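Visitor: I would like to learn how to read a protein structure. Could you take me through one, feature by feature?

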Amino acid sequence: MPYLNDMPLEARLAMLNRRDADRQPQDILKPALALLAQKIALVSSFGAESAVLLHMVAQSAPKTPVLFIDTMMLFRATLTYQKSLTKYLGLENVTHISPDPGRVFLHDNEGLLHQSNTDACCTLRKGEPLQKALTPFSAWITGRKRHQSATRADMAIWEADETGRLKLNPLAHWSRDDIDAYFGTHNLPRHPLTDNGYPSIGCAPCTFRARPGMDDRAGRWPGQSKTECDIHLPVEPKNA
Ligand code: SF4
């Protein structure tokens, strides 16, 4: 199969990116979901634009594992939206993943770690539980797009994470207009906070409104050099 074979990882990524660079997201997703069934998971925040990718996956393979990272710091509106959208789309295999309670007790008992060390907080509440949840999978799907921020501008369709697991970004080349058009065509419900000026939605303490004309992700950790949590930091592909 083109996804998992004996080719060195770097060569495999180059081959997949050559093949998929100009394809529409649905045409990238369908064969990947079919050939990697139950070996690939969609990781979703059920945030501002998540409904698009969740809908595409639900249309092609509703039993695809979907991992929802509940950091225990999310907006209540996100938790409500997650439940209603899952039902609306007919997703059949959504798993909530959350931080290890013992490690939270040890390192962030008062829930204030985000005020002193956002990197450590993201690792504790997102990075560690996600890596554990991804253990059985050979590949995962994200909803990131190049237009969202300067740091995502060069993102490839296919990447690898630090363990050598394939990471698929089928919407990488879609613009905000593409996303809006898809919402309209399929009559998808929006996250309630998008109408209140939040173009990107993560944890409540670290998400703020973005002013018009700014990057979509400008409201995430504003005033800090941080632009990504550790689950999406770029890595050099290691052969695996
Ligand atoms: Fe902690 Fe903020 Fe990262 Fe959420 S986004 S895990 S609250 S630092």
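Predicted model: local features only at pLDDT ≥ 70, side-chain atom pairs only at ≥ 80, totals over all residues.

Visitor: What is the order of the strands in the open sheet?

Guide: The general idea comes first. Strands of a sheet pair through backbone hydrogen bonds, and the pairing is either parallel or antiparallel. Here six strands form an open sheet in the order β3-β2-β1-β4-β6-β5, and the pairing is mixed. At the edges are β3 (94–97) and β5 (158–160), each of which pairs on one side only. On average, neighbouring strands of this sheet are turned by 30° against each other, direction ignored.

Visitor: Which helix packs on the sheet, touching β1, β2, β3 and β4?

Guide: That is helix α7, residues 118–133. The direction of α7 makes about 160° with that of β2 (66–69).

Visitor: How many bridges join β1 to β4, and how do these strands run?

Guide: Strand β1 (residues 40–44) and strand β4 (residues 139–141) run parallel and are joined by three bridges. To follow the pairing, look at which residues face each other. Ile40 stands opposite Ala139 in β4, and Leu42 is opposite Ile141 in β4. Strand β1 also runs parallel to β2, with three bridges between them. There, Ser44 stands opposite Phe68 of β2.

Visitor: Which way do the residues of β1 point?

Guide: Ile40, Leu42 and Ser44 point one way, while Ala41 and Val43 point the other way. Five of the five residues of β1 are buried, so the strand is largely enclosed by the rest of the structure.

Visitor: How many residues of helix α3 are buried?

Guide: Buried means a relative accessible area under 20%. In helix α3 (residues 50–60), nine of the 11 residues are buried, so this helix is largely enclosed by the rest of the structure. Among the buried ones are Val52, Leu53, Leu54, His55 and Met56. The cover over the buried residues of α3 includes α2 (25–35), α4 (76–89) and α8 (176–185), together with β1, β2 and β4.

Visitor: Is His191 buried or exposed?

Guide: His191 has a relative accessible area of 0%, so it is buried. This residue is found in the segment after α8. Leaving aside neighbours within four places in sequence, His191 is in contact with Phe46, Gly47, Ala48, Ala77, Thr78, Tyr81 and Ile201.

Visitor: And is Pro136 buried or exposed?

Guide: Exposed means over 50%. Pro136 has a relative accessible area of 58%, so it is exposed. Pro136 lies in the loop between α7 and β4.

Visitor: How many residues line the second largest pocket, and which lie nearest its centre?

Guide: A pocket can be described by its volume and by its lining. The second largest pocket holds about 280 Å³ of space. Its lining has 16 residues, of which Arg176, Thr194, Tyr198, Pro199 and Asp216 lie nearest the centre. By type, the lining divides into seven charged, six nonpolar and three polar residues.

Technical notes
Residues numbered from 1 in each chain as written. Heavy atoms only, no water. Pairing = 2+ DSSP bridges. Helix = DSSP H or I, 4+ residues; strand = E, 2+ residues; numbered from the N terminus. Axes fitted to C-alpha atoms, helices over the stretch in contact; angles between N-to-C directions. Contact = heavy atoms within 4.5 Å. 1 Å grid on protein atoms, 1.4 Å probe; cavity = no way out; pocket = protein on both sides within 12 Å on 5 of 7 lines; lining within 4 Å. Points joined across faces, edges and corners; volume = space filled by probe spheres on them. Nonpolar A, V, L, I, M, F, W, Y, C, P; charged D, E, K, R; others polar. Buried < 20%, exposed > 50% of the residue type's maximum accessible area, 1.4 Å probe, protein only.
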